[in-house]
Amino acid sequence: MNSKKQVNWWKWAFITLILVIVVGCGVVLHRATAPAPQAEMSQTTKANDSSLMVELNRKQVNALSANYLDNFLKDNKIKYKFIVGEKYATLVGDTKFLGTKVRFAINFIPERTSQGNVLLRAKGLSVGRLNIPIKFVMGYIAKNYNIPEWVSINPKKKTVLLDLNRYSKNRQLKYSAQEINMQDGQFKFLITIPEK
């Protein structure tokens, strides 16, 4: 007797269908209960940050300086300018010498202090064709010119301190110098809104 077992295709099809349904339900159940992926939060910006970095070029610094000095010297007879050039920051003004109007210019090299202020070191002076010591001219400016209270002139050290901490004292915003790059003409300042 030759007995061959016949394969029951319906039986195997049914078992395969049950396996597909069980595996499919398992995958769906696993995905449904898995924690949802969270979007990555950038660490550079926080919702409660109260500071802003501002980067200025020479033209912008000169525009700010001109605007400030125009308002500060509005009612003064003596006018002066502060101009940031490619190599130096220059204080330019006019003074009277023996009844004649004489133009002077002092070149400074600016640097950032550890307190976030700006220190200007005098490196050159021109007063017409006169050969006058820088200390003398800086002392004259400190005594006779209307200088903002947050600016300190030290004729002996030939320096001018732009005290941004003092400037910020009674203001709503606090200012701090972060980088002064004369070569590239880039100046970075941190502006902070104090928490109340």
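The paragraphs below lead from the overall fold of this predicted model to its strands, its salt bridges and a few individual residues.

Because the model is predicted, local features are described only where pLDDT is at least 70 and side-chain atom pairs only at pLDDT 80 or more, whereas totals for chains, interfaces and linings use all residues. Residues are numbered from 1 along each chain as its sequence is written, and side-chain values use heavy atoms, with hydrogens and water left out.

The secondary structure of the protein chain consists of four helices and nine strands, where helices (H or I, at least four residues) and strands (E, at least two) are DSSP runs numbered from the N terminus. Read from the N terminus, the order of these elements is α-β-α-β-β-β-β-α-β-β-α-β-β. Of the 196 residues in the protein chain, 27% are buried; buried means under 20% relative accessible area, exposed over 50%, and partly exposed in between, with a 1.4 Å probe and protein chains only. Among the contacts with a separation of 6 or more, 42% are between residues 24 or more positions apart, a contact being heavy atoms within 4.5 Å. The accessible surface of the protein chain is about 15300 Å², and carbon and sulfur atoms account for 56% of this surface; accessible areas come from the Shrake-Rupley method with a 1.4 Å probe, and for residues only the protein chains shown count as cover.

Strand S1 (residues 51-57) runs antiparallel to S9 and is joined to it by seven bridges, two strands being paired if DSSP finds at least two bridges between them. Within this pairing, Lys-188 in S9 is the bridge partner of Glu-55. Strand S8 (residues 174-181) is likewise antiparallel to S9, with seven bridges between them, and here Lys-174 stands opposite Thr-192. S8 and S9 form a hairpin with four residues between them, and in the turn Gly-185 has a positive phi of about 65°.

Side chains of opposite charge can pair when their charged atoms come close. The structure holds two salt bridges, each defined as a side-chain nitrogen of Lys or Arg within 4 Å of a carboxyl oxygen of Asp or Glu. In one of them, Lys-188 meets Glu-179 with an N to O distance of 3.5 Å; Lys-188 is partly exposed at 26% relative accessibility, and Glu-179 is partly exposed at 30%. Arg-121 forms a salt bridge with Glu-111, with the closest N and O atoms 3.2 Å apart. This pair links Arg-121 in strand S5 (residues 118-127) to Glu-111 in strand S4 (residues 100-112), 10 residues apart. Arg-121 is partly exposed, with a relative accessible area of 35%, and Glu-111 is partly exposed at 32%.

Tyr-88 lies in the loop between strand S2 (80-84) and S3 and is partly exposed, with a relative accessible area of 25%. The C-alpha atoms of Tyr-88 and Arg-121 are 9.8 Å apart, although 33 residues separate them along the chain. Beyond four places in sequence, Tyr-88 touches Ile-83, Asn-107, Phe-108, Ile-109, Lys-123 and Met-182. Thr-90, in strand S3 (residues 89-97), is buried at 15% relative accessible area. The side chain of Thr-90 makes a polar contact of 2.8 Å with the side chain of Asn-107; a polar contact is a pair of N or O atoms within 3.5 Å, where within protein one must be able to donate a hydrogen and the other to accept it, and residues adjacent in sequence count only if both atoms are side-chain atoms. Leaving aside neighbours within four places in sequence, the contacts of Thr-90 are Lys-81, Phe-82, Ile-83, Ala-105, Ile-106 and Asn-107.

Finally, Leu-69 in helix H2 (residues 58-72) is buried, with a relative accessible area of 10%. Leaving aside neighbours within four places in sequence, Leu-69 is in contact with Tyr-80, Lys-81 and Phe-82.
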